[in-house]
Amino acid sequence: MWRDKYHRLAYLLVLQLFVLCLPRAAVAFPALFELEGKVGDGAEVMAALYSLQRDSELEKLESDRSGTKYFLTASFGYNNEPQFDTSENTLSYQKLSVGAGLSFPLAGTWNKQKINRLTAELKGLDSKYRAQILRVNNLSALRKAYAVLWAESQKIKAAEAFLSTRAAVTRVLDERRQKALLLPSDNLEFIAAYDMAKRDVAASKLHKVQALQIIRLATGAALEMPEDLSAPELPVFNGTSADIEGNPSLVLRRESLAKYEKIVCASKKTDREAAFIIGGVGTKDFPGDYGSGVYASVVITEPIKRAASANDRSLSAAQIELSRAREEANFTRLKIEGEAEEAFFTASYAAANIDVQLSRLRSIAEAVHERAMRHGAIAGDTFEQLQASRYQYYRTVADMIDSQLILLQSGADILSYAYPAGNSGEPSERRAVVDEAFLRGALSPQWFVQASFAAAPAGGASIASPCRPASVYVWRAAPFFDAKSRSASLAALRDNGVSDMLLSFTASELAWVKTAPGERALKELLAAAAGAGIKTELLLGDPTWIFPKNRQNLINIISAMSKFKFCGVHLDIEPDSLPNGVSMRPKYVKLLAATIREAARRSTRPVSFSIHPRYLSADYGRVIAGGLRGVKIAYIAPMIYSTETGKTTAALSSILARYPQFDFRLAQSVERSLPASESYASAGRSAFYRAMGTVRRGVEGYKNFRGIVIQDWDNYERMRP
């Protein structure tokens, strides 16, 4: 037994060394939208394009071969013949003849040439649309493979989070087994759960390798296996612009049918070949003089058997071929329409299944939390119940990821049928089909580790404990400027637990504070706020500042306001609000990072900024973090607008864990203009406090969480208790 195990381990080690020694190209893994631009660079597509060029040349050659032909003749001979018919005397002489002329195809000859041209055009159509079909298929395959890479990476994280508890769980199980509190069969079942998780990791790694190979073949790029990926963003589906009729397979069939119909028309009596010939001849006899002549002739040839037959077999064969092509066209249409319909209903099923699994996941998460608190407080098999629910949670997460993968892959199929022109025909707006932030939260170690191996507090923290925001966005500075309303406005902030206000100014107010009365009023405001225990940050927001030509406007404002005692400068720059902001994200995220960096470098006050959480995803977040490397940022406020506390906690946990080098404040909305799923405006303050308490407890293990900032003060004041 031990020898078999040794040999197996040695074999696996050799395999691993072989894989590690394979040549690898040091190429950073691109984002999905970048890879999509390379679907025409794969070897298969390039080969099809070369075939298209070859067939195009052959098609032109066949066209050149058709029509009128010229001919040249030359002959030289020796003659010995009677002077006249009854003469006994002979003449001996040599004769040179040279001729030239034109031959015009008629009847079957002309039809054969026409058929040859149409056949060459048919072959060219196959090459032309093969390249387009490959592009469409490669784009869909690329998106599916990218989705597999992402999904399997998430499943590996879930499995590893679960496996990270193996040593501690095994220790507890061994203790309980030694005390005869755990049956051996139950113990083996718990251990088998970890072995199945290890198997899941191995399977996911295999699927990732297979998916990477598909991406390599589709793009022609030797890419390395990525460590992590953000959830794929796919073009939005707009049914009004969908055009399944433009599918290259359908277009190929339609155009081929038109060629076959022309071949049928040209296939009558192709065995009867004919040509009209005109020419001239010049002669020279030796000895003798020169001579010349012209002639015209019609030449008709036809096999005797075909001339006597009433059946035109060439026409019959062409008609049969046309019928075959019609059936293939009908089959192709039925196939594509059926596959498109299947993709749509598969996506609908996956979406419905995700909703079910999310509900189940929340239920199991609550069970994990409940059983973790029971463990250590209640004797009995509470630990076994906890471990069973944790494994159940892990399996549900894996199932949910599989459903997310089905949704992504069916979405890729729908796009390939709806927009057969590929990238050029798809909407520019892209959307993350998967809520990556929530999923990252679902994989948070707290569900697998927290309170699992130690006694939990008997009751835990009360979910109803108030948690008020420490800072707010204040977009209307007028009540604070006005000496008559200033005290009451500051008192309202203080009474609501606000210790930090982000104060914005209109363009006219910024111009006014440059005057003597305005400067005096702002200094009085800042002094009064400080006296009330409220810090004031300068709130600036204009998305056009990300452009280098406009960036100096931001720097000028920061410089002009530096003489006032603001505690910091807060930037609320949202590139998505710019025209084509969604499609330009890859460019705008770099400009955003450069703008924040320049502002932090030029400001004499600490700089912070608000940002949509998508810009802190794996792909865009690397750009932001890389652009701010070495720059001191006071804090970042991700605007995670959701009234689902589990979703918010998960998204925030993911961000806190991914960027430990930054401090964060969670931005939450109470705006009346937003739906109830994104804003707490209709929920009331008490419900808002309870929700924020839940979020705080969910991220209490992260040292870089610095509280909550609320959007915005005017809406918050109008909220019911």
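A salt bridge here is a side-chain nitrogen of Lys or Arg within 4 Å of a carboxyl oxygen of Asp or Glu. With that cut-off I searched the whole structure and got 29 salt bridges.

**Ground rules.** I'm working on a predicted model, where local features need pLDDT of at least 70, side-chain atom pairs count only at pLDDT 80 or more, and totals for chains, interfaces and linings use all residues. Residues are numbered from 1 along each chain as its sequence is written, and side-chain values use heavy atoms, with hydrogens and water left out.

**Entry: D413 and K144.** I looked up this pair and found a salt bridge, with the closest N and O atoms 2.8 Å apart. The two sit 269 residues apart, D413 in helix α10 (residues 382–418) and K144 in helix α4 (residues 107–163). Helices (H or I, at least four residues) and strands (E, at least two) are DSSP runs, numbered from the N terminus. K144 comes out partly exposed at 23% relative accessible area; I use buried for under 20%, exposed for over 50% and partly exposed in between (1.4 Å probe, protein chains only).

**Entry: D500 and R665.** Here the closest N and O atoms of the salt bridge are 3.0 Å apart. D500 is in strand β8 (residues 500–504) and R665 in strand β13 (residues 664–669), 165 residues apart. I get D500 as buried at 5%, and R665 counts as buried at 16%.

**Entry: R706 and D663.** I have this salt bridge at 3.6 Å, N to O. R706 lies in strand β14 (residues 705–711), while D663 is in the loop between α19 (645–658) and β13. R706 is partly exposed at 44%, and D663 is partly exposed at 26%.

**Entry: a network.** I also noted that salt bridges link E233, D576, R585 and R614 into a network.

**Entry: F71.** I found F71 in strand β1 (residues 69–82). Its C-alpha is 6.2 Å from that of L102, 31 residues away along the chain. Skipping neighbours within four places in sequence, I list contacts (heavy atoms within 4.5 Å) of F71 that include G99, I277 and Y295.

**Entry: second largest cavity.** On a 1 Å grid over the protein atoms alone, I take a cavity as a set of points where a 1.4 Å probe fits but cannot get out, with lining residues having an atom within 4 Å of a point. Among the residues lining the second largest cavity I see L538, M561, F566 and R605.

Technical notes: On a 1 Å grid over the protein atoms alone, a cavity is a set of points where a 1.4 Å probe fits but cannot get out, and a pocket is an open set with protein on both sides within 12 Å along at least five of seven lines; lining residues have an atom within 4 Å of a point.
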